Amino acid sequence: MEILMSLVVGVLFTAAVYLMLSKSLLRIIIGTGLLSHGAHLLILTMGGLKKGAAPLLGEHATSYVDPLPQALILTAIVISFGVTSFFLVLAYRSYQELGTDDMDQLRGNDQYE
Amino acid sequence: MSLLHVAIISPFLLAILVPFLYKYFRTIHTGWFVLVLPVLLFAYFIQFVSTNMHGETITKTANWIPSLGINFTAYIDGLGLLFALLITGIGALVVLYSIYYLSKDKEQLNTFYVYLLMFMGAMLGVVLSDNLIVLYTFWELTSLSSFLLIGYWYTREKSRYGAQKSMLITIFGGLLMLGGFVLLYMMTNTFSIREIITQVPDITQHALFIPALILILFGAFTKSAQFPFYIWLPDAMEAPTPVSAYLHSATMVKAGIYIVARFSPIFSGTPEWFWIVSAFGIFTMFWGSFNAVKQTDLKGILAFSTVSQLGMIMSMLGVGSAAIAIDSIDDGFYTVATTAAIFHLINHATFKGSLFMVVGIIDHETGTRDIRKLGGLMSFMPITFTIAIIGAFSMAGLPPFNGFLSKEMFFTSMTRVVEMDVFNLEALGLLFPIIAWVASIFTFIYSMVIVFKTFTGKFQPEKLKKKPHEAPIGMLISPIILASLVFIFFFFPNILAYTIIEPAMASVIPSLLGDDKHFHIHITPWHGFNLELFMTLGVIALGVVGYLSLSKWRSVYGLVPEKLTLNKGYDRALFTLDKSSSTLTKFYMTGFIRDYLAYIFTFFIILLATSLIITDGFEFQLAGTAPIGIYEAVLAAVMVIGTITVLFSKSRLTAIIALGSVGYSLSLFFVLFRAPDLALTQLLVETVSVALFLLCFYHLPEFKKKEKMLRFKLTNLIISLGVGTIVTLLALSANSQRVSETISTYFIENSYELAGGKNMVNVILVDFRGFDTLFEITVLGIAALGIYSMIRLRVRKGEEG
């Protein structure tokens, strides 16, 4: 199972990096979204996908899945959500002000010679 | 902190007061206040002469950084005292001269005297420090204050060019010298020069000994304008003339000489030291005097002549160092070179100082320093003319001036090189007297040029800006004093012999001290008809011929094309450095974020792949993995399809929805992998994110019309495949080799006992690891505030922010 998930994570990372290397600002944001999905899935996979009960003591099971990676992912989800939404609004604002989303046109103009 | 320390740093203290004196006493020339200090210091240092004569030295220590062995140790021996007297004595004369030279109303006197005092203090610190790090600190302060003084008229481009050039070259040497000091420390474990000298027998075979020697010589050669580092000195002539007289003839350029002399007890006796110091010295002497003849600017001639004379002193110090290797012959047969070096050091300071002041007077009274415009000034400026003759004849090595004596001793020491049989001198020794003799002929020629092209010949009033007349008496005092010293030292050289020169020699070559702890030196104005005298006669004869036929052989200077000179080389090197670093930066700093991301990802791939290969870290095991269920397999396929859809979508709507589908499949994975809280949060967050995307949908940029599909790029594909592969490989090998067991059994066992909660994830979030949650809330709050302010706060063009 972990091997399959590792491959899926690899696909997510590949797609994310490919999108981040594109010119369009919106595609870069979508790329970061995919990258965070990949990262979250990776944490979960690395925590071990051994079958066990959900980490609720009410289950009275003999074994539980590892609760720690889940707590870490929960924190990461919230933070990446905050960052993504900020980034999205930033893109929206810059498109509004500058009239382009082409990263090639958004390059710095600090030419001093 | 003793009185000696106060004396050393007193110029700095006075420098703090100078701006106030300048501001509140505008009617009095600021220089008068400054003048008091060097006079007092000179008087203070004079009293140490008798101490040193009896072979005693003075050491005073003030703690600075004792834990690192760095302390402000002031140390007065013969060598340090000689320099201290030069610095304060000539310093006083230069300040006096500058009072008349610089106008009270037109010049920024406050900055001038602040820089000058900084320089004086730094120079005193260099020559009186025993600690290497303190010495280096003061050394860099001399470079800095010299930079400020050369660029004193900072509105002129040439001043700035000269200042930058001297800064770059001397700091380059200074830093290498620091490297040499550190190497010395590594060998001896002390920064004190005297303690290093006691350890010399232990370190001569050390592997770092020769590197330290070379690095320290770099510092000395750059500061003392030796070949090929002399190029900054002629450009430093853009400084006001008192500065040139003080820094670039008498004191700062001799700091390198001081370093060579000071480190002689450590390094001399080795062939490397002998050959580098004497060969570079003698060649610099020839090169400087050869080039001085070509100059048409009086200060240019003096600059090259300084280079030449410094080379001469350097070569004598080098030859003197060989005396240590030959200890069989006593009675100063070989040590005469060291005597001559120190004697000429003093003589050069006197005549070169006076010559610079003379040139300053000519510049001041006629408005030009170009010898092609000058001529026939003898009748207008009789006193200046007399001083110029004394200075120039002494420089040429003619009697009855002190330059004659040191020139004779120079010839003596150079002819004795032939008799040395160490360091392969049997074969090459003869070159020394020959080069020295040729260089002396050129010295004679340019000395004559200074005097006769300026003061005799045709008077050309139409080329001069001002009507020439004799300088005010105040301006003449300092050069008159120096010129009289030139005379006095010829007739009574022995007033220097045992007071100054002998103690200084004891510092330079202490291992050759005789049983009575003294060197026996005797300098006489007349030493009979011998080889040296005939060499001098030859110099005069050939010099006169050379001077008279100067116009005929002048074209020899055109033989070397301008492009191949060292100055052009320096300029070109600087330009190339500038240009190529800018080209390099422009090559990779493209301004495209995509390129930077590509660099980052590429390095990520290279770094991780290499370390995986080097450590043989990749491992793959099926054991211990959970079995693949049908649901997971289907969901994985859905996720991959969603991802690919994002990649190939033509419209942004498809992309957003496909992204959403990936997010929802992720939350389904969370369900399958028994993570209810995660599934809940992921579902919610994904919904809100997609909603946010759709909310902005109307405003969001359309994927470009003309290229609806994401344009395919092979490099991007390779990079992204590389990243994906590396991540997968890392995940697989990390999964296959677990180092230790999970710590989660603690959470499972204690979340109810200790925290009273049954939902372990929530207990971890708010109880066991509550801090994470606090700051995650903060992140969310900041993001919300940021979004709010981004939308609400807008600065339009022309509006205040």
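Begin by selecting B:R674, a residue that is partly exposed, with a relative accessible area of 33%. The model in the viewer is a predicted one. B:R674 sits in the loop that links α28 and α29 of chain B.

Before moving on, note the scores of the model. The ipTM is 0.94 and the pTM is 0.83. Chain B has an average pLDDT of 87, and 95% of its residues score at least 70.

**The contact between the chains**

Next, display chain A together with chain B. The contact draws 101 residues from chain B and 80 residues from chain A. About 8,400 Å² is buried between the two chains, and carbon and sulfur atoms give 76% of that area. Between chain B and chain A there are zero salt bridges, while nine residue pairs are in polar contact, both residues being at pLDDT 80 or more. To see the side of chain B that touches chain A, select the elements that give two or more residues to it, among them α28 (652–672), α29 (676–695) and α30 (714–736). Of the elements on this side, α30(B) gives the most, with 13 residues.

**The nonpolar cores**

Now turn to the largest nonpolar core, which has 218 residues. Select B:F45, B:L184, B:F263 and B:F267, the residues with the most contacts inside this core. Centre the view on B:F263 and leave aside its neighbours within four places in sequence: the residues in contact with B:F263 are then B:L132, B:F181, B:L184, B:I193, B:I216 and B:W273. Another core, of 65 residues, lies apart from the largest one and includes A:L44, A:I73, B:F670 and B:F693.

Proceed to the loop between α10 (209–223) and α11 (232–235) of chain B, where B:P228 is found. The peptide bond leading from B:F227 to B:P228 is cis, with omega near 0°. The loop between α10 and α11 also holds B:A225. B:A225 is not a glycine, yet its phi is positive, at about 55°. Is B:A225 buried or exposed? B:A225 counts as buried because its relative accessibility is 0%.

Finally, select B:P400, in the loop between α17 (382–396) and α18 (402–417) of chain B. A cis peptide bond joins B:P399 to B:P400, with omega of about 5°.

Methods
Residues numbered from 1 in each chain as written. Chains lettered and ligands numbered in written order. Predicted model: local features only at pLDDT ≥ 70, side-chain atom pairs only at ≥ 80, totals over all residues. Heavy atoms only, no water. pLDDT = per-residue confidence, 0-100. Core = buried A, V, L, I, M, F, W, Y, C linked by side-chain atoms within 4.5 Å. Buried < 20%, exposed > 50% of the residue type's maximum accessible area, 1.4 Å probe, protein only. Contact = heavy atoms within 4.5 Å. Buried area = accessible area lost by both parts, 1.4 Å probe. Salt bridge = Lys/Arg side-chain N within 4 Å of Asp/Glu carboxyl O. Polar contact = N/O pair within 3.5 Å; in protein donor to acceptor, adjacent residues only side chain to side chain. Helix = DSSP H or I, 4+ residues; strand = E, 2+ residues; numbered from the N terminus.
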